[in-house]
Amino acid sequence: MTGATTIITGIGELMTQDAEQRVLKDAAIVLEDERIAWLGPAANAPAADSRYDAGGRACLPGWVDSHTHLVFAGDRTAEFEARMAGQSYAAGGISVTVDATRRASDEELGSSVAQRVAEAGANGTTYLETKTGYGLNVEEEARSARIAAATADEVTFLGAHLVPKGWKADDYVQTVTGPMLSAVRPYVQWADVFCETGAFTPDQSREVLRACRDAGLGLRVHGNQLGPGEGVRLAVEEAAASVDHVNHLALSDIDALAGSWSGWEGDPNSRGTVATCLPACDLSTRQPLAPARQLLDAGVPIALASNCNPGTSYTSSMAFCVATAVLQMRLTVAEAVRAATYGGALALHREQTTDDGGRLAVGSLAVGHRADLQLLDAPSATHLAYRPGMQLTHAVWRAGQRLR
């Protein structure tokens, strides 16, 4: 060890979420600069420059939130109240946020994004994706991408979020795939499309995805949220990294997702399409919860994400998503935590350390991975579901730096 080191000792339960999914008791972990240098039984721990006593608390990887919409202004509480009173959710509510976001200054948007990222970090989220999609013209989408890139770990271009007022859909798609894509390209790593009734058809969605892939972006899809549709099959056909929402799935959709992983044994070149479940959004929109149990049983890797946004899921609490997955989606605690850590990293292609550029793996605790971890005010991760709604985050490290 050559850098500054910190040992966290006295860990009651260390849930690694590594390849072996080890759970260690009476453990310790050594952080060296931004990496994990050692972990194992506390009795065998090496010396370190500084020491932190976990006091018997549980240690987990930091949450990896692979689906958020943080660049926004305005308030949609009236829409929420109407929905809770029985009004159904439709994609068109996005336009309310578009209007407010366009009116906000760069400083207002930048400050609000930074505040939301910090709030998520204080609650254990150490790696976070966010999207554009509330600008919906060339200038505003580029502005959103630039502001997001200043704070978020990964940025996704979602110009194809909704057809804005006054546009014909096919004309708007040409703008998305032409000048808008060129304007956002310096700031983004991914592209997404809302393939849904009231948003974009499968053919329009395919055109967006292929143009973005040709521009060098990874692909994601909003699919099968409001009803059965082509989103899942489109995502698999176009080799998208994830398809998100997945509330309304046919057996053929699940089979297609499972088939996309055939032959994958940790080879990053053979990843399939992750099914990302957004339980906080499902509760807010009163959609059926995504069939996470059925997906896992079929061999489909899943992620849990917050979908933090002003209209349908105004929370960044990954702990809430984990508790919901256990209590209502029939996952075990270990499965839910894995989906909220390793699963999110897999959906963002960050589950492995790469030599080119030195990008360190996130979402799991292993030697050489990024030192992203959290301590709970509880002896085990089971308390996340056993004590739902309680503030259990005790301490958080991101890339070896203490956030809380």
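The model is predicted.

Among the residues involved, Thr 276 has Ala 303 of β13 as its bridge partner.

Strand β1 spans residues 5-15. Eight bridges join β1 to β2, and the two run antiparallel. Within this pairing, Leu 14 stands opposite Leu 24 of β2.

Strand β2 covers residues 23-32 and is mostly covered, with seven of its ten residues buried. β2 also pairs with β3, residues 35-41. That pairing is antiparallel and has six bridges. Ala 27 has Pro 41 of β3 as its bridge partner. β2 and β3 form a hairpin with two residues between the strands. In this hairpin, Asp 33 takes a positive phi near 55°.

**A buried threonine**

Thr 324 sits in helix α11, which runs over residues 318-328. Is Thr 324 buried or exposed? Thr 324 counts as buried because its relative accessible area is 5%, and buried means under 20%. Which residues does Thr 324 contact, leaving aside its neighbours within four places in sequence? They are Pro 279, Leu 283, Leu 289 and Met 329.

**Pockets and a cavity**

| Space | Volume | Lining residues | Lining by class |
|---|---|---|---|
| Largest pocket | about 400 Å³ | 20 residues | nine nonpolar, seven polar, four charged |
| Second largest pocket | about 250 Å³ | 19 residues | ten nonpolar, eight polar, one charged |
| Largest cavity | about 120 Å³ | 14 residues | five nonpolar, eight polar, one charged |

Start with the largest pocket, at about 400 Å³. The lining residues closest to its centre are Gln 21, Pro 301, Arg 338, Tyr 342 and Leu 346. Helices α12 (333-340) and α13 (342-347) each supply at least two residues of the lining of the largest pocket. α12 gives the most to this lining, with four residues.

Nearest its centre lie Asn 123, Ser 317, Ala 319, Phe 320 and Met 390. Both α11 and strand β14 (373-376) supply at least two residues each to the lining of the second largest pocket. The largest share of this lining comes from α11, with four residues. Helix α11 is also where Thr 324 lies.

How many cavities of 30 Å³ or more does a search of the whole structure find? The search finds one. The residues closest to the centre of the largest cavity are His 69, Tyr 89, His 161, Asn 309 and Thr 312. The lining of the largest cavity includes eight polar residues and one charged residue.

How values were computed:
Residues numbered from 1 in each chain as written. Predicted model: local features only at pLDDT ≥ 70, side-chain atom pairs only at ≥ 80, totals over all residues. Heavy atoms only, no water. Pairing = 2+ DSSP bridges. 1 Å grid on protein atoms, 1.4 Å probe; cavity = no way out; pocket = protein on both sides within 12 Å on 5 of 7 lines; lining within 4 Å. Points joined across faces, edges and corners; volume = space filled by probe spheres on them. Nonpolar A, V, L, I, M, F, W, Y, C, P; charged D, E, K, R; others polar. Buried < 20%, exposed > 50% of the residue type's maximum accessible area, 1.4 Å probe, protein only. Contact = heavy atoms within 4.5 Å.
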